[in-house]
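Me: I have a structure open and I'd like to go through it slowly. Can we take it one part at a time?

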Amino acid sequence: MSPTTTPYAGASAKALAAHYDLPVDFYALWLDPSLTYSCALWDADADDLTSAQQRKIDYLVAEARAARADQVLDIGCGWGGTLSRLINHHHTQHATGLNLSPQQATWAQALKLPGVTVRNENWLDHQPTHTYDAIISIGAFEHFARPGMTPAAKHDAYRGFFTRCRQWLRPGGRLALQTITWGNRLPTGAHKIKNTFIGDSVFRESELPFPGEIDSAYSGLFRLVTTRQDGDHYYRTCQEWRRRLQDHAEEAARLVGSDTVERYDRYLDLSARLFNRRWTHLYRLTLEAVA
């Protein structure tokens, strides 16, 4: 992998590793067994985290029309939960996962899923030798811009992502995208709450998009098929993650230290409140490549 020199590269691999490359055993204490680290899709009050995460993956797979597809790309594949579900449940023939976290990429590679290639690679550097039938990207778009970027630079960053996805997809292929966004009615100064703590201490070098920035960036490249605003689902997901972390606080402290556990507890609490107040949203978009 050759590092990208594109000026709108988003969060660096070093910044992402500071968060995602903590011991897997730590995340396993409070995530579901698939280690899916993104908003679930809840069904009923009695629903459990494992079922809700599977439902989310299944929803995005269906929206992308990735089941039984020949070639699927997962941008930001995490520890491989979606790749595993594609191969083992949806009978996808071949899937490629991209991930900037060395630890996550190594973990996903160790799953040895048939027909799966996992690359520790920036999407900007990806050069496929074939077209994809579908692309899925869950919780990666939030890292494609940095704080302090001008609106024009953010547009160029997002436009570059959608341009590449369009080039990689076969005609009529779909992109299923899940991302956190800022709320449209964000109070003055509210973004500083996120940027001064979550931005500095949790997700460094990362900036959220506004919904309109996404819409503008894919215009002319994709048509919108479906959209969901599921901030309530992320509120519940963060609450559940925090409850599970608190239940395993002593073991978590032995793995990463009490300061890190306290930081994650604060971050999950703040994130839940941001979604509950509608200052942040969770968007699930289905986009179809235009001819």
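Me: Let me start with one side chain: is Arg 243 buried, exposed or partly exposed?
Reply: Keeping in mind that this is a predicted model, Arg 243 is partly exposed, with a relative accessible area of 40%.

Me: Which salt bridges does Arg 243 form?
Reply: Arg 243 forms a salt bridge with Glu 240, where the closest N and O atoms are 2.7 Å apart, and its side chain also meets that of Asp 247 in a salt bridge at 2.9 Å, N to O.

Me: Where do Glu 240 and Asp 247 sit relative to Arg 243?
Reply: Glu 240 and Arg 243 both lie in helix α9, which covers residues 231-247, and they are three residues apart, about one turn of the helix. Asp 247 lies in helix α9 as well, four residues from Arg 243, which is again about one turn.

Me: What does Arg 244 pair with?
Reply: Arg 244 forms a salt bridge with Glu 240, and here the closest N and O atoms are 3.9 Å apart. Arg 244 and Glu 240 are separated by about one helical turn, because they are four residues apart in helix α9.

Me: How many salt bridges are there in the whole structure?
Reply: A search of the whole structure finds 18 salt bridges. As background, side chains of opposite charge can pair when their charged atoms come close.

Me: Changing topic, what order do the strands of the sheet come in?
Reply: The sheet is an open one of seven strands, in the order β3-β2-β1-β4-β5-β7-β6, and the pairing is mixed. Its edge strands are β3 (116-119) and β6 (222-229), each of which pairs on one side only. From one strand to the next, the twist averages 15°.

Me: How does β6 join β7?
Reply: β6 and β7, the latter being residues 280-289, run antiparallel and are joined by seven bridges. Within this pair, Thr 226 stands opposite Thr 286 in β7. Helix α3 (residues 49-64) packs on the sheet, where it touches β4 (132-138), β5 (169-182), β6 and β7, and the direction of α3 makes about 145° with that of β4.

Me: And at the other end, in which sense do β1 and β2 pair?
Reply: β1 and β2 pair in the parallel sense over five bridges, and Asp 74 stands opposite Gly 97 in β2. The chain crosses from β1 through α4 to β2, and this β-α-β crossover is right-handed.

Me: What about β2 and β3?
Reply: β2 and β3 run parallel too, joined by four bridges, and Ala 95 has Val 116 in β3 as its bridge partner. Together with helix α5 (residues 102-110), β2 and β3 make a right-handed β-α-β unit.

Me: Why is β2 described as largely enclosed?
Reply: Four of the five residues of β2 are buried, so the strand is largely enclosed by the rest of the structure.

Me: Back to α4, is that helix mostly covered or mostly open?
Reply: Helix α4 (residues 81-88) is mostly covered, since six of its eight residues are buried. The buried ones are Gly 81, Thr 82, Leu 83, Arg 85, Leu 86 and Ile 87. What covers them includes α3, β1 (71-75), β2 (94-98), β3 and β4.

Me: Last topic: how many disulfides are there?
Reply: The count comes to zero disulfides. For context, a disulfide is a covalent bond between the sulfur atoms of two cysteines.

Conventions. Residues numbered from 1 in each chain as written. Predicted model: local features only at pLDDT ≥ 70, side-chain atom pairs only at ≥ 80, totals over all residues. Heavy atoms only, no water. Pairing = 2+ DSSP bridges. Helix = DSSP H or I, 4+ residues; strand = E, 2+ residues; numbered from the N terminus. Axes fitted to C-alpha atoms, helices over the stretch in contact; angles between N-to-C directions. Contact = heavy atoms within 4.5 Å. Disulfide = S-S within 2.5 Å. Buried < 20%, exposed > 50% of the residue type's maximum accessible area, 1.4 Å probe, protein only. Right-handed = clockwise from strand over helix to strand, strands pointing away. Salt bridge = Lys/Arg side-chain N within 4 Å of Asp/Glu carboxyl O.
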